[in-house]
There are 2 protein chains.
Amino acid sequence: MVSAPTNEHYFLGIDGGGSKCKASIADASGRVLGSALAGPANPLHGVEQTLQSIESAARRALSDAGLPTETLGRLVAGAGLAGVNLPSLYRVISDWPHPFAALHLTTDLRIALLGAHQQDEGAVIVTGTGSCGYVRAAGVDHLLGGHGFPYGDQGSGAWMGLEAIKAVLLASDDLGPETQLIESVAELLQARGLAIVERMSGKPSSDYARLAPLVFDAAEAGDPVALDILRSGARYISAMARKLLAYQPPRLSLIGGMAERLETWLDRDVAEQLSRPLGPPEAGALLFARQQSALANTA
Amino acid sequence: MVSAPTNEHYFLGIDGGGSKCKASIADASGRVLGSALAGPANPLHGVEQTLQSIESAARRALSDAGLPTETLGRLVAGAGLAGVNLPSLYRVISDWPHPFAALHLTTDLRIALLGAHQQDEGAVIVTGTGSCGYVRAAGVDHLLGGHGFPYGDQGSGAWMGLEAIKAVLLASDDLGPETQLIESVAELLQARGLAIVERMSGKPSSDYARLAPLVFDAAEAGDPVALDILRSGARYISAMARKLLAYQPPRLSLIGGMAERLETWLDRDVAEQLSRPLGPPEAGALLFARQQSALANTA
């Protein structure tokens with residue numbers, strides 16, 4: 001059982017992401033009092049911006065909860081952030097002189113899992129801008145994929161966008177098959193051929209992920225190139241799911257921006273074993289803050 | 001015939017590249033008087049650095065030729081630079097208040113072609129850090145590939161390195177086949193699994209190209225994953241060569257850092273139609289400067 005901290009404390013759940021940071025505040029009983037959004041909070045894309053977004057989201061959530069700004073110092077925070085599985089990033093963020101009573105740091109995957117299953121064990125595959133898998137079961141704590149753009153994250157939005165750009169550029173040189181992606185990409189980017197290169201050169205993975213819906217659209221219309229991309233991505237996600245299921249987690253959920261459309265492309269045996277997520281990652285971050293606080297109180 | 005400018009002028013040939021800038025100085029008769037190297041000069045990676053490198057290489061080449069610094073204002077320069085086929089970059093560099101008597105700007109491919117064939121017509125495939133094809137023949141001026149990292153340039157060093165990293169990361173999750181690249185990449189990068197991600201995240205294409213020799217080594221040792229990568233890259237370069245040959249250029253050369261090792265992997269019909277390059281790109285830049293100067297004098 002989670003032992004409650006003194007009632008002077010509140011819990012703050014932080015779900016950091018590449019495009020925004022979500023914050024939720026709950027009281028000692030777990031009741032959510034307020035929530036808010038702030039800017040990007042992916043430390044892989046910038047630590048300074050991440051810390052600013054976390055503090056900003058926390059202040060806004062306090063305001064949304066009708067609590068005074070001074071309450072900031074009484075928040076027990078749980079934060080799930082991408083990239084903190086990298087030791088160097090974990091250290092940098094742990095060293096932050098944060099304004100909270102406590103800051104418990106974990107990966108975006110851990111809070112996604114806690115949110116989706118409302119318990120410590122289970123497995124999740126996140127397919128949004130990036131993709132990765134995570135399982136905690138019977139003493140196992142295992143991560144799959146999540147290696148990032150442009151060398152990993154098959155089946156993710158950014159990967160689909162990158163494959164779409166590759167196919168369109170090959171076709172524009174008549175060195176690859178025709179595809180309706182040429183027209184849909186041209187419409188979205190307002191660019192063709194070399195102008196696509198000017199438009200995408202040096203751009204972050206989120207810009208590539210914007211093209212993913214075009215791949216789904218084209219595949220659903222029977223475009224062979226888009227079908228190849230989507231089937232290859234789905235094959236990777238299905239293989240990842242089987243690896244995670246081998247650890248016999250109580251539940252497996254597919255979450256993230258691509259999840260809904262991708263689900264129908266997964267192998268049937270995999271799709272049948274998916275469970276709907278019980279809650280969002282920010283709920284998992286709140287649960288993580290409560291758990292860690294209870295551990296600290298009993299220690 | 002090229003009409004000679006007044007003998008007060010000298011010619012400067014500039015071959016800009018991602019890792020260094022090569023400069024050669026020749027007199028009105030075409031005799032090379034001196035040459036020098038300076039830092040990176042790829043405008044796609046930084047215009048300011050490129051302009052500095054060009055001026056620095058020119059000053060050093062003057063010194064190497066035993067000519068006084070003031071001669072800078074009497075140099076008729078021809079420069080071949082990557083990326084100036086993009087209108088935005090062409091404009092930025094054309095607007096540079098350069099210190100030369102004249103600056104004639106063209107692509108790295110055009111000077112590679114002029115250098116390799118010592119004439120206006122012909123075709124080249126450059127496979128170094130990136131890859132691209134270029135043909136000028138019978139009124140045709142056509143570019144293939146060269147779209148850049150990470151969405152193009154199949155068969156290039158950076159592409160091979162990227163494919164190697166992808167394969168190693170897949171294998172490290174047991175979601176892809178075993179490959180000896182795991183060990184050779186670990187040795188070169190002093191990193192495995194997630195540490196590879198830390199090592200490569202956000203790195204320029206030249207860092208990926210460093211891994212290309214490992215792909216050749218592994219493929220030559222029969223590693224199936226490396227064989228797949230190399231065969232796929234060679235297939236693309238062979239297809240590109242056939243497209244270029246369709247324009248019936250007088251000669252086709254394969255040049256750049258990957259050329260020698262890649263040649264044996266090309267389809268036989270393509271390999272048999274390759275000609276050795278007659279000169280390097282900086283010789284092509286000098287030739288370009290002379291040609292453009294002659295045009296200006298006759299105009």
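**View 1. Polar contacts between the two domains of chain A.** Between domain 1 of chain A and domain 2 of chain A there are 2 residue pairs in polar contact, both residues being at pLDDT 80 or more, where a polar contact is a pair of N or O atoms within 3.5 Å, one of which, within protein, must be able to donate a hydrogen and the other to accept it, with residues adjacent in sequence counting only if both atoms are side-chain atoms. On the side of domain 1 of chain A that touches domain 2 of chain A, the residues divide into 2 nonpolar, 2 polar and no charged (Ala, Val, Leu, Ile, Met, Phe, Trp, Tyr, Cys and Pro count as nonpolar, Asp, Glu, Lys and Arg as charged, and the others, Gly among them, as polar). The model is predicted, so local features need pLDDT of at least 70 and side-chain atom pairs count only at pLDDT 80 or more, whereas totals for chains, interfaces and linings use all residues. Side-chain values use heavy atoms, with hydrogens and water left out, residues are numbered from 1 along each chain as its sequence is written, and chains are lettered from A and ligands numbered from 1 in the order in which they are written.

**View 2. The domain division of chain A.** Chain A is divided into domain 1 (10-118 + 279-298) and domain 2 (157-271), with bounds that come from an automatic or database domain assignment, and 31 Å separate the centres of the two, taken over C-alpha atoms. In this chain, 4 residues of domain 1 are in contact with 5 residues of domain 2 (contact means heavy atoms within 4.5 Å). The two domains bury about 330 Å² between them, 61% of it on carbon and sulfur atoms, buried area being the accessible area (1.4 Å probe) that two parts lose on being put together, summed over both.

**View 3. The interface between chain A and chain B.** Here 32 residues of chain A are in contact with 32 residues of chain B, and the area buried between the chains is about 2800 Å², of which carbon and sulfur atoms give 64%. In chain A, His147(A), Tyr151(A) and Leu175(A) lose the most area to chain B, together 25% of what that side buries.

**View 4. A salt bridge across the chains.** The side chains of Asp174(A) and Lys243(B) meet in a salt bridge (2.8 Å, N to O), a term for a side-chain nitrogen of Lys or Arg within 4 Å of a carboxyl oxygen of Asp or Glu. The count between chain A and chain B is 2 salt bridges.
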